[in-house]
Amino acid sequence: MAEMTEEKEGERSNRQSLRRRIQKQIMEEIESQRSISDDELWEIIDREVMEAGKQDFVPLKEKLDLRTKLFDAFRRLGILQELVDDGQVTEIMVNGREKIFIERKGRMEQWDKGFDSDEQLEDMIQQIVSRVNRMVNVSSPIVDARLEDGSRVHVVLPPIALDGPVVTIRKFPEPITIEKLIRYQSLTDEAADFLKMLVVSGYNIFISGGTNSGKSTFLNALSAFIPEDERVITIEDSAELQIQQVPNLVRLESRNANGEGEGAVTIRDLIKAALRMNPSRIVVGEVRGGEAFDLLTAFNTGHSGMGTGHANSPQDMLSRLESMVLMAAELPLGAIRSQICAAIDIIVQLGRLRDKSRRVLSIVELTGIAQGEIRLKPLFMFQEEKEEGKKMCPGWQMGDVSMEKSQKKLQERDVKIKDWEEDGEKKRCREGEVPGGKCLSVPKGKGRVEGKLVRVGQLVRTEKLAAAGFEL
């Protein structure tokens, strides 16, 4: 058994050595040429592979595999191209040349392949960033980029990354429409129709959620409701939005500073520029800093739009917006809250449940200010379907990924928790009697969370709906 393993390792090492040798020869041949087409590259690869086959016996299957890998190394992403082409892989995480992790169907796993050398990984990184006119090196070791299919790429180089270059690729394999989100049970038909009315009517909508909760995907799907006769300007760090139905579309992308620290174009700069372009609607990919002040100012001067931000709840999103505005301007907190309330009409909260599914957890309206605080009115709330004869534990917040969070909340209320198994499934519940003698239980299994968005309130600020000719 050990001998077979050693033999396979030897064959693998020989194939890698052959590929590196041919790759070096091809590199030397094309270095003198300013540009080379894909067809010309294929011809060079075929010639070199055939020459290598004359010196050493290479089976036809290996020749075809070698041919593809060599082309991927020069024109695509090398060994990662296999993962990029896999529709089930949504995230690729490279932690140095030997450790590659992927997220497949919502589950994290380590890939069994790696780069041959640090140089091979670094060449791939430079190939990615150069295509979008970005630069990454020792003096500027962090960069955001994108692939041709719109996938988001984030790179961190040594010495910041201690164990080698770190590359994170967030894939967007296909545009996700509202219809698909309904099919995936991320939201309901009723909620989708309601959001469509809001978008068409020009309501300012902010999409909030945690990391990897689907904010950009949802924003892209929601953008499909923008009327075709509008002039839309999108502003992003890395262009990801795919608005197809609007002919009068302007796409803007921020730019990092060059090696001398000059030439940076920020999201703030782009928002200010957009205001001079006669926009009907401004769509910002993500708000994470002082640009929040400029976006709110734009919304408060008659412009409609949408944006996204990181937060675990609508209330947290408001707090983050306050903090981000303070990064740009020293204003009284009361003035900031008044500006937020006047600028943003609706917050859509997204989240990932314990089964890793992405859902719309709530749609809330900003209705005004009372006692110095912004009032939020829930319009739709996600309600988990309860098991027959059982109720959800009080204090359990839908959208919490971990049961420990729920347990902590219950313990703070002096509620005792007990664990048990039922039909082979681990469960946790609150001790005590309730009407009917049933235990308040929360399943802890890995099965799909069943539930849906339920309307719980009516829109208060209906002026824009009425102006657009809609009636609730």
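Four bridges tie β8 to β10, and these two strands run parallel. Helices here are DSSP runs of H or I with at least four residues, strands are runs of E with at least two, and both are numbered from the N terminus. This is a predicted model, in which local features need pLDDT of at least 70 and side-chain atom pairs count only at pLDDT 80 or more, while totals for chains, interfaces and linings use all residues. Residues are numbered from 1 along each chain as its sequence is written, and side-chain values use heavy atoms, with hydrogens and water left out.

**Around β10**

Valine 232 has arginine 281 of β10 as its bridge partner. β10 is also joined to β11 by four bridges, again with the strands running parallel, and valine 283 stands opposite methionine 306 in β11. Which way do the side chains of β10 point? Arg281 and Val283 go one way and Ile282 and Val284 the other, and all are buried. Buried means under 20% relative accessible area, with exposed over 50% and partly exposed in between, using a 1.4 Å probe and protein chains only.

β10 belongs to an open sheet of nine strands with mixed pairing, in the order β9-β8-β10-β11-β7-β12-β13-β14-β18. Two strands count as paired if DSSP finds at least two bridges between them. At the edges of this sheet are β9 (249-253) and β18 (451-455), each pairing on one side only. Neighbouring strands are turned by 20 degrees against each other on average, direction ignored. Further along, β13 (residues 358-370) and β14 (residues 373-384) run antiparallel and share eight bridges; isoleucine 363 has phenylalanine 380 in β14 as its bridge partner.

The other open sheet to look at has six strands in the order β3-β2-β1-β6-β5-β4, with antiparallel pairing. Its edge strands are β3 (107-110) and β4 (142-146), each of which pairs on one side only. Here neighbouring strands are turned by 15 degrees against each other on average, direction ignored. β2 (residues 100-104) is held to β3 by four bridges, and phenylalanine 101 stands opposite glutamine 110 in β3.

Angles run from 0 to 180 degrees between N-to-C directions, and axes are lines fitted to C-alpha atoms, for helices over the stretch in contact. Contact means heavy atoms within 4.5 Å.

| Helix | Strands involved | Angle |
|---|---|---|
| α5 (residues 118-131) | β1 (89-95), β4, β5 (152-156), β6 (166-170) | about 65 degrees with β4 |
| α9 | β8 (232-236), β9, β10 | about 170 degrees to β8 |
| α12 | β13, β14 | about 120 degrees to β13 |

**Helix α10 and its surroundings**

Two packed helices are described by the angle between their axes and the distance between the axes. For α10 (residues 291-299) and α11 (residues 314-328), the axes come within 6 Å and cross at roughly 100 degrees. α10 and α11 are therefore roughly perpendicular to each other, a label that covers 65 to 115 degrees, with under 35 being roughly parallel, over 145 roughly antiparallel and the rest oblique. Ala292, Phe293 and Leu296 of α10 meet Leu321, Met324, Val325 and Ala328 of α11.

Seven of the nine residues of α10 are buried, so this helix is largely enclosed by the rest of the structure. Those buried residues, among them Glu291, Asp294 and Phe299, pack against β7 (205-209), α9 (267-274), β10 (281-284), β11 (304-310), α11 and α12 (333-343).

**Nonpolar cores**

In soluble globular proteins, nonpolar side chains tend to be buried together. A nonpolar core is a set of buried Ala, Val, Leu, Ile, Met, Phe, Trp, Tyr and Cys residues joined through side-chain atoms within 4.5 Å. The largest one has 40 residues, and Leu187, Ile205, Phe218, Leu222, Ile346, Val348 and Ile363 have the most contacts inside it. Elements giving two or more residues to this core include α6 (178-183), α8 (215-223) and β12 (346-352). α7 gives the most, with seven residues. Apart from this core lies another, of 32 residues, among them Ala292, Val325, Cys341 and Leu366.

What does phenylalanine 218 touch, leaving aside its neighbours within four places in sequence? Its contacts are Leu181, Leu187, Leu195, Ile207, Val348, Leu350 and Val360.

**The chain as a whole**

The protein chain holds 14 helices and 18 strands, and buried residues make up 46% of its 472 residues.
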